[in-house]
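Here are my notes on the model, as promised.

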Amino acid sequence: MKPSRALVLALQILFGVALLVAWHFAANIRVGSATLKFFLSAPLDVFWRVVKLFSEGEIWGHMWITFQETVYAFVLGSVAGVLCGFALARNPLAAAVADPYLKAANALPRVVLAPIFMLWLGLGVWSKVALGFSLVFFIVFFNVFQGVREVPATILANARMLGFNERQLFRHVYWPAALTWMFSSLHTSVGFALVGAVVGEYLGSAAGLGYLIHQAEGVLDTTGVFAGMAILTAFVLIIDALVTVIERRLLVWQPQGAQTTT
Amino acid sequence: MTPETGRAPAVSLRGVSIAYRVGDGARYEAVRPVDLDVPDQSFVAIVGPTGCGKSTLLNAAAGLIAPSSGSVSIFGEPLAGVNRRAGYLFQLDALMPWKTAIDNVAVALEPMGVRRGEARERAHAMLKRVGLASFADRYPHMLSGGQKKRVALAQTLIRDPKILLMDEPFGPLDAQTRVIMGNLLLELWATDRKAVLFITHDLDEAIALADRVIVMAAGPRSHFVGDFRIDLPRPRDIAEVRHDKRFFDLHRDIWAALRDEVSRAYAQADGVAA
């Protein structure tokens, strides 16, 4: 039997509270003349730090920077991924030639590129965008490439029988198919855009949520680190919820995206 | 073919054979040279066991594949490329899943240069004719198998092709829906009698719908082994006509020809599997 929603919710809250309580007591364990707070911080301290960050208003600027970097990386990476995926899917020779290079580029852990991007683009927003771009591009690229090549043969044959020319074929068949695959990877690619932004900030920057966490770590401020992590987590969840809303609207024609009405 | 013999048939296959190169470079001849005429306004059905190459033959008439030998002519003109005068109803889903029913139908008019507004109006009228007016704004996944076939039928018919090519279009549907779709097809066909080439493995369906039933041999090197005129009166009701004495006799005769081919097809399939 499927557990009821109320029961699941109650247990979820209970679990969360239990974790916080355990954290609270663990943090207050005395070791000699001090407590473990130096290593673990404490839930209430973190809470008040978050409140303080928001009430002082400094946090908004950092969030805005990270948000900007995420959006730029996502948009640019997606556009480039769709265009390249499309071009190569329709051009088997180019695809065959590019194949080993794309595989090699994708095999490289992108984090190691961060210092290079900083060298090229400076410590500002664009080096983070470049890192996010390098992550998003490949996800979208491979999805679109696959999607365009796997348009069902019957749909293509039907389009030919209906007399579609190349332009109509592109507009009514290939383009929607490519977009579908791009949207199906939306959560992943937005997630990676954010990873690029935060990791980039963490490795070298003057603003953003990653910078905030890095700064706190630099001065052994565990409370600051946890507060930054809490804000970052909430930030990611909100963006993910936004993506879900957009996805529902765009993929209304897909079985899982819509509810049948009678 | 020639002017003195009257109008050229809608579809004419002359010595058409279909062969493939298979994996090891060997030649697999699916259909050996056949001749077939589908006169204008007539309904011809081809029945044959699975894998006999009947769909392949239809694709040659559609211009989707080029025959290995022989020629295809459409109303007397040799076919080059896709057959522009034919509408094709596929066995599998051919609707664009990202378009609503009405958009799927309306888009078929775009290659003909019809304006968007007018195309939608005509698509709506066409959906009404196939009994789907109230489902115009649904996406294919929200429609049942039979409803999707109706949309596909509307999409094909809205271009008003002179020839209808149908590849087991009602194959995936349940028995009741097939009867309803068969009757709808006959009803629509009666209004403007296009030339129809209908592929099926269901002999009952072939006899109930067609003017002529052609039996195909089991592949490879498939060919025609029987050609029967169906003289049942029209208009027909697919479900009713099956109780007709004449239907029964035709069925017995055609089945006698088909039965051997079906068992040969199965024997070969078993041989391959063993």
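**Notes on the two chains**

1. Let's start where the chains meet: 19 residues from chain A touch 19 residues from chain B, a contact being two residues whose C-beta atoms, placed from the backbone, lie within 7 Å. On the chain A side, helix H8 (153–161) and helix H9 (166–184) are the elements that give two or more residues. H8(A) gives the most, with 6 residues. By type, that side of chain A splits into 9 nonpolar, 9 polar and 1 charged. Here Ala, Val, Leu, Ile, Met, Phe, Trp, Tyr, Cys and Pro count as nonpolar, Asp, Glu, Lys and Arg as charged, and the others, Gly among them, as polar.

2. A word on what we're looking at. This is a predicted model, where local features need pLDDT of at least 70 and side-chain atom pairs count only at pLDDT 80 or more, while totals for chains, interfaces and linings use all residues. Residues are numbered from 1 along each chain as its sequence is written, and chains are lettered from A and ligands numbered from 1 in the order in which they are written.

3. Chain A has a domain assignment (automatic or from a database) that gives domain 1 (1–40) and domain 2 (41–257). Their centres, taken over C-alpha atoms, are 33 Å apart. Contact between them involves 8 residues of domain 1 of chain A and 4 residues of domain 2 of chain A. On the domain 1 side, helix H1 (5–27) and helix H2 (37–40) of chain A each supply at least two residues. That side divides into 6 nonpolar, 1 polar and 1 charged.

4. Now chain B overall: 8 helices and 10 strands, with helices (H or I, at least four residues) and strands (E, at least two) being DSSP runs numbered from the N terminus. Its radius of gyration, 19 Å, is close to the 19 Å that the globule rule gives for 274 residues, so chain B is as compact as a globular protein of that length. The radius is taken over C-alpha atoms, and the rule is 2.2 Å times the number of residues to the power 0.38.

5. Strand E1 (residues 11–21) of chain B runs antiparallel to strand E4 (residues 69–74) of chain B, joined by 5 bridges; pairing needs at least two bridges found by DSSP. E4(B) is also antiparallel to strand E5 (residues 77–78) of chain B, through 2 bridges. Ser73(B) stands opposite Ser12(B) and also opposite Pro78(B) in E5(B). E4(B) and E5(B) form a hairpin with 2 residues between them, and Phe75(B) in the turn has a positive phi of about 50 degrees.
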